[in-house]
Amino acid sequence: MNSKERLLEALSHREPDCIPIDFGGTSVTGIHVSCVAALRDYFSLTKQPVKVHEPYQMLGWIDEDLKQAMGIDVEGVFPRKTMFGFPNENWKPWRMDDGLEVLVPEGFRVTRDANGDTLIYPEGDTTAPPSGRMPKGGYFFDAIIRQEPIDEEKLNPADNLEEFEPISTEDLDYLVTTAQAAAATGRGVIASFGGTAFGDIALVPAPFLKHPKGIRDVSEWYISTRTRRDYIHSVFSKQCEIALANLEKIHAAVGSLVDVVFVCGTDFGTQKSSFCSVETFRELYAPYYKAVNDWIHRHTSWKTFKHSCGSVERFIPSLIESGFDILNPVQCSAAGMEAEHLKSTYGQDIVFWGGGVDTQRVLPFGTPAEVRDQVLARCKVFSQGGGFVFNSIHNIQARTPVENIVAMLNAVYEFNGRKP
Amino acid sequence: MVDLSKLYDAVLNGDAKTAVAVTKEAIAENVDPMELVNKYMVPAMDEVGRRFECEEYFVPELLLAARAMKGSLELIRPLLVAKGAEPAGRVVIGTVKGDLHDIGKNLVASMLEGGGFEVIDLGSDVAPEKFVQAAQEKNANIVCLSALLTVTMPAMKTTIDALASAGIRDRVKVLVGGAPVTPQYAKEIGADGYGENATVAVQLARQLSAQ
């Protein structure tokens, strides 16, 4: 069984020869650049600076030699442009505050403010207001909120639709090239085409736009889901129309090179509760997810991937009904998200892609023995009958000890009864 | 004569326009500002908290109620100061050094204000010495620390240590909160309490202020 077959078997709710492993396939299943560098050292791979392919969360690109060393079964296809709107090309060196030398795309243009914070610019244009900030000594960027004063009378849903447009030939060609390369590896392929998230709060401030208009403040957006629901529906409705037309073009171009589509990263869960009620989810979001997922299922062989952090147990029946095949990151530490409960209640109907180890406590702060125990326990629960892809709960965060990441990998190999 | 129950309803329903209008009317009619706070706004925010706890309310409703309450409080605060009214406590709050996430912290700050506390909000990415300085200058009795990232959680301990080094640790109670923070972690770093959400934070602040 090769990696692709292994992934497809797991996604079909059948037990593959061993649990497939994803790291680096998406922007929510990745590894911080510093940890990728540490893993390269651990596996004694060629000394080279790691590429930051996702500059918002500073995720490191996992090169082929490291993929092989880690036994990764999934290959990612990403959009041509990053969260800050510049293309992922023409790499140049950059030094992080802790001294780590990395590679960043040419468009990664930054300045320092008086506090020593790093400011990054949309499309690499330093004449535009900065759209991201990394605190001095920090490891990640956060969006800078650029909210124009809101005039209720003049609010126009088109202002929140600037980033959704028909896919360009250049972007489409890029997807085709990268999907071909990904498929040629023999791994399963997960693609992030973009445009189908509907209200992903990380995208609302639009760090990729030079002068975002409409509702771009995070709190204002949350408030609008309650007070300006017609406006949000108008945005989602038009966004959906554009997304479906793009999916048609993308599918015609990449077809079955892709196995899974990362449809949506909108977070609905908090640590103990949720951002809205199930009723709101069903009224405001589900119709658009269903339209996208139904189109995908009617026209393609792709499986649909939903990411939502936090306590989302209450939404799972609606997610399944909306056509999602896969749930990520499966935050077992959040309220009501116990692994056994999720697997026994929903395991027949949805694949768990994640849930392998807790990245808030056990992986960064636990001992290697604690990491091993949790990974073995999670693999035992989630792998029964297939329907499980191993990944940590969200990206592996900066400053996670490499010994713990290795303990995590070794525990999966131990459970699988084989090393890469 | 102004119907003050409308102030309660406006805060509860997150109707900032009405909250401000009723407050203006009440002030014009010389209603005691303490009465507005204690009889209408605090109970309204308590009810908001209760609804959040039992999941009738979610983050958007909390934000709306906080906005309504703030609009009203901005009118009332100068009157309270003029009267020399004592707040339920003085809270210095901020997101710790290296962390820019402030939605949770802002909610806690608003709920504390709505609960009758004087809140000194230092913002996000706040250095330990700034917490110390503000706690000293404002004579705070509570310091609230927020963190969202695992990499910035250790800054909570650094801040608590800084309060100790400055000799004011025994004068202030420290509350911590944020997604990756747990009661166990709060205990390990020597905090006095862990607020798993904004409502619990207000309850804890009240308990600690009463001690």
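The largest nonpolar core holds 197 residues, and within it Val11(B), Val143(B) and Ala201(B) touch the most other members. Helix α4 of chain B, residues 59-83, gives the most to this core, with nine residues. The model is a predicted one.

**The core**

- Ala201(B) is one of the core members that touch the most others.
- Leaving aside neighbours within four places in sequence, Ala201(B) is in contact with Val108(B), Met111(B) and Leu112(B), among others.

**A hairpin in chain A**

- Strand β4 (residues 92-95) and strand β5 (residues 101-104) of chain A run antiparallel.
- Four bridges join these two strands.
- Trp94(A) stands opposite Val102(A), which belongs to β5(A).
- β4(A) and β5(A) form a hairpin, with five residues between them.
- Gly99(A) sits in the turn and has a positive phi of about 100°.

**Where chains A and B touch**

- Chain A brings 25 residues to the contact, and chain B brings 18 residues.
- On the side of chain A that touches chain B, helix α5 (residues 218-227) of chain A gives the most, with seven residues.
- That side of chain A divides into nine nonpolar, 11 polar and five charged residues.

Methods
Residues numbered from 1 in each chain as written. Chains lettered and ligands numbered in written order. Predicted model: local features only at pLDDT ≥ 70, side-chain atom pairs only at ≥ 80, totals over all residues. Core = buried A, V, L, I, M, F, W, Y, C linked by C-beta atoms within 7 Å. Buried ≥ 20, exposed ≤ 12 C-beta atoms within 10 Å, placed from the backbone. Contact = placed C-beta atoms within 7 Å. Pairing = 2+ DSSP bridges. Nonpolar A, V, L, I, M, F, W, Y, C, P; charged D, E, K, R; others polar.
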